[in-house]
Amino acid sequence: MQAATHLASTHHRSTFSDALLAGLQHTPRQVSPKWFYDQRGSELFEQICELPEYYPTRTELGMLAQYAHEMVECMGSRIDLVEFGAGATRKVRYLLNASPHIKRFIPIDISASHLTDASNDLRLNYPSVRIEPMGADFTQHLVLPEAVGQRVGFFPGSSIGNFEPAEAQQLLSRMAGWLQGGGLLIGVDLVKDPATLHAAYNDAQGITAQFNLNLLARANTELGTHFSLEQFAHSAFYNPPLQRIEMHLVSRCDQTVHLAGERLHFVEGSSIHTESSYKYTVAGFQALARRAGFRPDAVWLDEERQFSVHWLSAPVH
Ligand code: AVJ
C-alpha cells in the first residue's frame, strides 16, 4: 500500500520556519496561505465548506453534479487524472462516477495525512482506478510519474485565486507543460457584489477566523513560538481595485514574539497578510489562461453566475 510520503519532516518544519520568518521580517508582513493546511487547518477548511455564507464549494459541487458528464466528454477515452490540492477528494468523485475512462487518479496535497485517509476510501469505492496519492507541494518542483493516458488536471475550488496574477500565470504555464495533449478542468470564483464576498470570509460562527488564527497555533506547536492568539484579530475584506479578498491577522496590542532566535515586534493595529483570494471575470480568466499557453474551451456557469468551471486544452509543443 503506497502511503503518501510524510511531509511533516524536519525539512517541512524548517521550510515553514524559514517561510514564516521571511514573511514576518518582510514589509508588509505576509505569509503564504499554503501554511494554513496542517491537519487542523484542513479540518477547519472542511468546516468552512459547509458554512451558509461560503457559497463556492456547494456551488461548484452543484455544477459537478449537473455537468460532470459534459466535462468528462472533453477529457478523452484513456484518462490519467491528477488533482492539485485534492484535500478530502469529494469533488473528484463526480468525475470518477461520470467516466469509465479514468485509468489512474493522482491526488496531490501538501497535507499528507489528510490525503492518505481520503485515498484509502477512494480505493474502496473505485477498485478499477489506480489511486496513487502524492504528498507534495505542487507550487514547488514536481515530477509526475510516466503518463498512462491523456494527462488531465483537476484544480477546483478557485484555489488559483490564492496566487498573485503573475504567479497564477506561471503555475498555469507549468500545468500546461505537464498536461500537454490533455487539458485542465479548473474552478474559478467570479467577481460579484462585495457584500456576498465579505460574508463568505467573515462567517457568523467564526470558523474562518479560527482557520486564519490556526496559522499562529501551528507555529506555536511546530516551531515553539508563543503567539497569543487572543492578541490577534481576524480581518477579511474585499479590495475592489485588485478584485481580491484579503485576509489579515491584526495585532490587538504592542507585542513581541520570538521566532528562530529572532525578535519580532508588532505594534497595535499592524497586520500579517495571510491570504489573497482573487476573483475573476470569465473573459479575464480566459485571457490569463491563454497567456499561460492553454486554449480556453468550454465554460460552465451556475444559474446565479457566481462561479465558473473551465476546460482548458493543453496543446502539445
Ligand atoms: C480554498 C483557497 C479557494 O480562497 O476561498 C476559504 C480558502 N480562505 N475561506 C478561498 C479560504 C478563507 C479558499 N480556497
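This is a predicted model: local features need pLDDT of at least 70, side-chain atom pairs count only at pLDDT 80 or more; totals for chains, interfaces and linings use all residues.

Biologist: Where is R305 found?

Modeller: R305 is in the loop between β12 (295–301) and β13 (307–313).

Biologist: What about the phi of R305?

Modeller: R305 has a positive phi of about 50°, although it is not a glycine. Most residues other than glycine have a negative phi.

Biologist: And A260, what is its phi?

Modeller: The phi of A260 is positive, at about 50°, and A260 is not a glycine. A260 sits in the loop between β9 (255–259) and β10 (262–266).

Biologist: Is A260 buried or exposed?

Modeller: A260 is exposed, since its relative accessible area is 53%.

Biologist: Let us turn to peptide bonds. What is the peptide bond from T27 to P28?

Modeller: The bond from T27 to P28 is cis, with omega near -5°. Most peptide bonds are trans.

Biologist: Where does P28 lie?

Modeller: P28 lies in the loop between α1 (10–25) and α2. T27 is placed in the loop between α1 and α2 as well.

Biologist: Is T27 buried or exposed?

Modeller: T27 is exposed, with a relative accessible area of 73%.

Biologist: How many residues separate T27 and P145 along the chain?

Modeller: T27 and P145 are 118 residues apart along the chain, and 40 Å separates their C-alpha atoms.

Biologist: Now F36, please. Where is its place?

Modeller: F36 is in the loop between α1 and α2. F36 has a relative accessible area of 1%, so it counts as buried.

Biologist: Which residues does F36 touch, apart from those up to four places away in sequence?

Modeller: F36 touches G41, S42, F211, N212, N214, L215, M247, T274 and E275.

Biologist: And what separates the C-alpha atoms of F36 and L184?

Modeller: A distance of 25 Å separates those C-alpha atoms, and F36 and L184 are 148 residues apart along the chain.

Biologist: T274 came up among the contacts of F36. Where is the place of T274?

Modeller: T274 belongs to strand β11 (residues 271–278). T274 is counted as buried because its relative accessibility is 0%.

Biologist: Which residues is T274 in contact with, leaving aside neighbours within four places in sequence?

Modeller: T274 is in contact with V31, S32, P33, F36, N212, L215, M247, H248 and L249. With N212 there is a polar contact between the side chains, at 2.9 Å.

Biologist: Is the crossing of α2 and α8 left-handed or right-handed?

Modeller: The crossing of α2 past α8 is left-handed.

Biologist: Which residues make that contact?

Modeller: From α2 they are R40, G41, L44, F45, Q47 and I48, and from α8 they are I207, T208, Q210, F211 and N214. The residues in this contact of α2 with α8 comprise five nonpolar, five polar and one charged.

Biologist: What about α6 and α9, how far apart are their axes?

Modeller: The axes of helix α6 (residues 165–178) and helix α9 (residues 282–291) are 8 Å apart, and the helices pack at an angle of about 55°. That angle makes α6 oblique to α9. The crossing of α6 past α9 is right-handed.

Biologist: Which residues make the contact there?

Modeller: P165, A168, Q169 and L172 of α6 meet F285, L288 and R291 of α9. The residues of this contact of α6 with α9 comprise five nonpolar, one polar and one charged.

Biologist: Which residues is K91 in contact with, leaving aside neighbours within four places in sequence?

Modeller: K91 is in contact with T57, E60, L61, L64, F154, P156 and G157. P127 is 36 residues from K91 in sequence, and the two are 18 Å apart in space, C-alpha to C-alpha.

Notes. Residues are numbered from 1 along each chain as its sequence is written. Side-chain values use heavy atoms; hydrogens and water are left out. Axes are lines fitted to C-alpha atoms, for helices over the stretch in contact, and angles run from 0 to 180 degrees between N-to-C directions. Helices (H or I, at least four residues) and strands (E, at least two) are DSSP runs, numbered from the N terminus. Angles under 35 degrees count as roughly parallel, over 145 as roughly antiparallel, 65 to 115 as roughly perpendicular and the rest as oblique. A crossing is left-handed if the near helix is turned anticlockwise from the far one by less than a right angle, and right-handed if clockwise. Contact means heavy atoms within 4.5 Å. Ala, Val, Leu, Ile, Met, Phe, Trp, Tyr, Cys and Pro count as nonpolar, Asp, Glu, Lys and Arg as charged, and the others, Gly among them, as polar. Buried means under 20% relative accessible area, exposed over 50%, partly exposed in between (1.4 Å probe, protein chains only). A polar contact is a pair of N or O atoms within 3.5 Å; within protein, one must be able to donate a hydrogen and the other to accept it, and residues adjacent in sequence count only if both atoms are side-chain atoms.
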